[in-house]
Amino acid sequence: MSGTYLGMPAFPEAAREAVADTTLRGNLRHATHTIRAKRAKAVTEVSDWAELREAGKRIKDHTLRHLDRYLVQVEETVTAAGGIVHWAADAGEANEIVTRLVKMTGETEVVKVKSMATQEIGLNEALEAEGIHAYETDLAELIVQLGKDRPSHILVPAIHRNRGEIRDIFAREMSEWGRPAPEGLTDTPAELAEAARLHLREKFLRAKVGISGANFMVAETGTLVVVESEGNGRMCLTLPDTLISVVGIEKIVPTWQDLEVFLQTLPRSSTAERMNPYTSTWTGTTDEDGPQNFHLVLLDNGRTDTLADEVGRQALRCIRCSACLNVCPVYERAGGHAYGSVYPGPIGAILSPQLRGTGSEIDASLPYASSLCGACYDVCPVAIDIPEVLVHLRERVVQGGEVTREGNKVVLRPAKGHAAERAAMRAARWAFTHPGALRTGQRAASRSRRFHPRTLPGPGRAWSETRDLPPVPTEPFRDWWQRTRGGKDGDR
């Protein structure tokens with residue numbers, strides 16, 4: 001992945017600062033509670049939601065098992081429809097391809113549809129370095145861009161901003177990027193939306209190059225699909241002469257019938273709508289209608305490495321609905337910036353460490369950015385067992401072991417700072433495999449319980465600062481069982 005967000009502090013430190021921001025917490029609490037309540041209502045309207053969820057999971061798992069075949073099919077069908085397919089192994093290759101394609105048009109401006117993949121690779125920064133201005137057209141992404149900020153939510157990137165802050169950003173920054181905000185702009189939603197519409201309209205009409213991602217790629221026809229709620233995507237996908245789409249290789253669905261499942265689950269899980277207001281599909285190019293040049297950049301950037309992990313690969317099922325963020329108690333309090341990635345929340349905690357590896361301090365801390373309550377798994381429309389993957393990644397951080405990096409098997413060394421944890425686990429394993437020693441230790445702990453501290457010493461202090469240390473019982477369970485039942489049912 002791009003290093004755009006690397007260099008940030010580990011999650012605990014970043015979260016500590018975010019939790020102290022009362023305005024941020026208020027914005028997050030209001031937004032996440034509102035979205036998840038609407039989602040819950042939308043889902044209950046569908047009598048076969050559980051079946052749709054299972055179908056989505058199976059479609060994604062099938063596609064990932066046969067991804068090599070479907071990728072070739074996508075290349076063939078897109079090419080047959082008049083598009084040109086490019087393959088990018090990593091962020092650097094993808095940025096080089098897109099920059100070169102834009103330069104070939106002679107343009108120095110592009111308009112963009114909201115795209116997680118282009119944020120992942122740091123495309124805007126790469127284009128800016130080559131003198132090309134990329135204009136975000138999604139309302140929330142526009143707010144983030146004008147505010148020189150970073151997105152903090154998959155669906156609502158400016159969720160950390162309230163209306164007053166957005167008004168101030170528009171009034172202060174719009175004139176530097178194009179049409180200024182109207183005089184006397186207030187913080188009413190209608191006025192803010194109108195200011196954004198007027199600011200963006202001239203860019204839509206002027207732009208000759210559009211850049212997008214895609215929610216789905218249909219292998220059987222080479223069709224790309226973008227779903228959105230504002231109409232800006234439709235403008236970017238139809239008005240420019242050249243369209244460049246950067247899409248992760250996991251976005252494939254085999255057939256239109258498979259797509260039908262996700263067009264039911266995605267809008268309800270993300271925006272709590274029965275269907276998206278704008279569902280745009282395009283297949284290659286068409287004479288005298290829409291872009292006359294279409295380029296598809298298929299992005300790997302750690303995805304095949306993730307696919308090699310039998311437990312972690314389920315993260316590639318993700319359809320970017322953000323339902324897991326809206327129910328996560330950790331995200332609600334810490335916000336998205338603390339995750340140090342374009343993918344925040346529970347899905348980011350399992351996706352970023354796999355795409356980027358766990359070598360950095362921030363990525364090694366992300367698997368611990370969870371209470372393991374399981375709410376994320378309950379709402380996921382493709383049944384990603386996020387708690388299972390979190391535990392799996394924690395084991396990788398602490399123990400190290402064999403992983404796939406850039407297509408090669410490598411052995412990771414255990415992360416720093418976990419020596420005490422590893423020692424404790426080794427001691428526990430030895431004790432549990434030596435019943436006599438375990439029994440002796442339990443009795444000694446019970447008899448010395450009045451001398452036990454209320455907090456743990458050394459590295460354990462951080463754990464017991466926010467948790468009560470469980471009291472040791474007056475006698476071990478085995479002794480109690482022997483005393484009360486006399487072992488007549490067997491010493492279990």
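How many helices and strands are there in the protein? There are 23 helices and twelve strands, where helices (H or I, at least four residues) and strands (E, at least two) are DSSP runs numbered from the N terminus. This is a predicted model, in which local features need pLDDT of at least 70, side-chain atom pairs count only at pLDDT 80 or more, and totals for chains, interfaces and linings use all residues. Residues are numbered from 1 along each chain as its sequence is written, and side-chain values use heavy atoms, with hydrogens and water left out.

Next, select residues 11–303 as domain 1 and 418–484 as domain 2, bounds that come from an automatic or database domain assignment; their centres, taken over C-alpha atoms, are separated by 51 Å.

Then select residues 73–299, which the UniProt annotation "domain: LUD" from an unreviewed entry covers; UniProt positions are given in the numbering used here, feature names are shortened, and annotations may be inferred rather than shown by experiment. Over residues 73–299 the chain is 43% helix and 21% strand, with the end C-alpha atoms 16 Å apart.

Finally, select helix α8 (residues 139–146) and helix α9 (residues 163–177), whose axes come within 9 Å and cross at roughly 75 degrees; axes are lines fitted to C-alpha atoms, for helices over the stretch in contact, and angles run from 0 to 180 degrees between N-to-C directions. Show the side chains in contact (heavy atoms within 4.5 Å), including Leu139 and Leu142 of α8 and Phe170 and Trp177 of α9.
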